Amino acid sequence: PNYPLVYIKVDGSFDPKKKINRREAKIVGEITKNFLKNGVTIDQLGIIAPYRGQVAEIKRLVPKNVTVDTIDRFQGSDREVIIVSLAEGPTISKKGFNDARRLNVAITRAKKKLVVVTNPYLKGNNILNDYLRYLDKHAKIIDLTDTRKKLGGTKEVIIVAEALAQSAKFIPKVSVMEHGGELNKSLCLLCNELVTEDGIQCPFC
């Protein structure tokens with residue numbers, strides 16, 4: 001893949017009682033569906049979250065045969081594509097991935113592509129913030145909050161997954177979701193810019 005490490009910034013909030021970040025789970029669900037639409041098979045894809053509450057919420061939003069589990073139960077397994085939902089934000093739990101060993105296991109399960117979804121504004125000086133600073137320097141960044149502001153603030157744009165394809169410039173047409181409906185536009189799977197309705201080649205790439 002053109003971007004083996006992708007960092008998706010989401011302005012989700014963490015429910016410490018239920019151990020759920022609903023917005024993050026929703027984004028993970030949409031990414032998963034679009035990976036599957038673009039040729040990734042169920043056995044190539046895995047989703048990791050730190051809490052059973054977040055795992056249950058994500059399972060509700062993805063096809064039932066997709067593997068979604070906590071890092072403790074995922075240890076020893078790997079997939080071509082791994083999506084990691086950190087679930088925190090902005091307050092960080094004392095558990096979760098705020099532990100070097102557990103975080104290391106989570107981010108080393110991917111063979112070809114790792115997608116990290118999280119709130120970028122985590123409080124404190126800790127291992128998670130150290131990792132987010134690493135992602136800022138080395139990952140392909142997709143800031144959904146910035147995208148929503150560019151499009152007027154009312155449209156909830158869900159990023160589509162990049163196909164595991166050979167070509168970097170020719171992409172399938174994809175949909176931009178707006179509160180359950182579809183806009184008659186496409187997003188480039190490489191740079192996330194809007195492209196023409198039937199145009200397969202992104203002018204920016």
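**Close-up views of a predicted model**

View 1. Thr70 belongs to strand β3, which covers residues 67-70, and β3 is one of the two edge strands, pairing on one side only. Leaving aside residues up to four places away in sequence, Thr70 is in contact with Ile48, Ala49, Pro50, Tyr51, Arg52 and Val55. Strand β2 runs parallel to β3 and is joined to it by 4 bridges; Ile47, for instance, has Val68 in β3 as its bridge partner.

**View 2. The open sheet.** The sheet is built from 6 strands in the order β3-β2-β4-β5-β1-β6, and their pairing is parallel. At its edges lie β3 and β6 (140-143), each of which pairs on one side only, while the twist from one strand to the next averages 20 degrees. In general, the strands of a sheet pair through backbone hydrogen bonds, in either a parallel or an antiparallel manner.

**View 3. Helix α1 across the strands.** Helix α1 comprises the 16 residues 22-37, which at 1.5 Å a residue should span 22 Å, and the distance of 23 Å between its end C-alpha atoms agrees with this. The helix lies across β1, β2, β4 and β5, running at about 150 degrees to β5. Among the buried residues of α1 are Ala25, Ile27, Val28, Ile31 and Phe35, together with others such as Arg23, Glu24 and Glu30. After α1 comes Gly39, which has a positive phi, near 105 degrees.

View 4. The largest nonpolar core holds 23 residues, of which Ile8, Ile83 and Val117 touch the most other members. At least two residues of this core come from each of β1 (5-9), α1, β2 (45-49), α2 (52-59), β4 (79-85) and β5 (110-118), and the largest share, 5 residues, is supplied by α1. Another core, of 20 residues, lies apart from this one and includes Tyr7, Val105, Leu122 and Leu128.

View 5. Is Thr145 buried or exposed? Its relative accessible area is 13%, and because buried means under 20%, Thr145 counts as buried. Thr145 lies in helix α6, which spans residues 144-150, and, not counting residues up to four places away in sequence, it touches Lys9 and Asp11. Asn119 is 26 residues from Thr145 in sequence, and the two are 10.0 Å apart in space, C-alpha to C-alpha.

Note on methods:
Residues numbered from 1 in each chain as written. Predicted model: local features only at pLDDT ≥ 70, side-chain atom pairs only at ≥ 80, totals over all residues. Heavy atoms only, no water. Contact = heavy atoms within 4.5 Å. Expected span 1.5 Å × (residues − 1). Buried < 20%, exposed > 50% of the residue type's maximum accessible area, 1.4 Å probe, protein only. Core = buried A, V, L, I, M, F, W, Y, C linked by side-chain atoms within 4.5 Å. Pairing = 2+ DSSP bridges. Axes fitted to C-alpha atoms, helices over the stretch in contact; angles between N-to-C directions.
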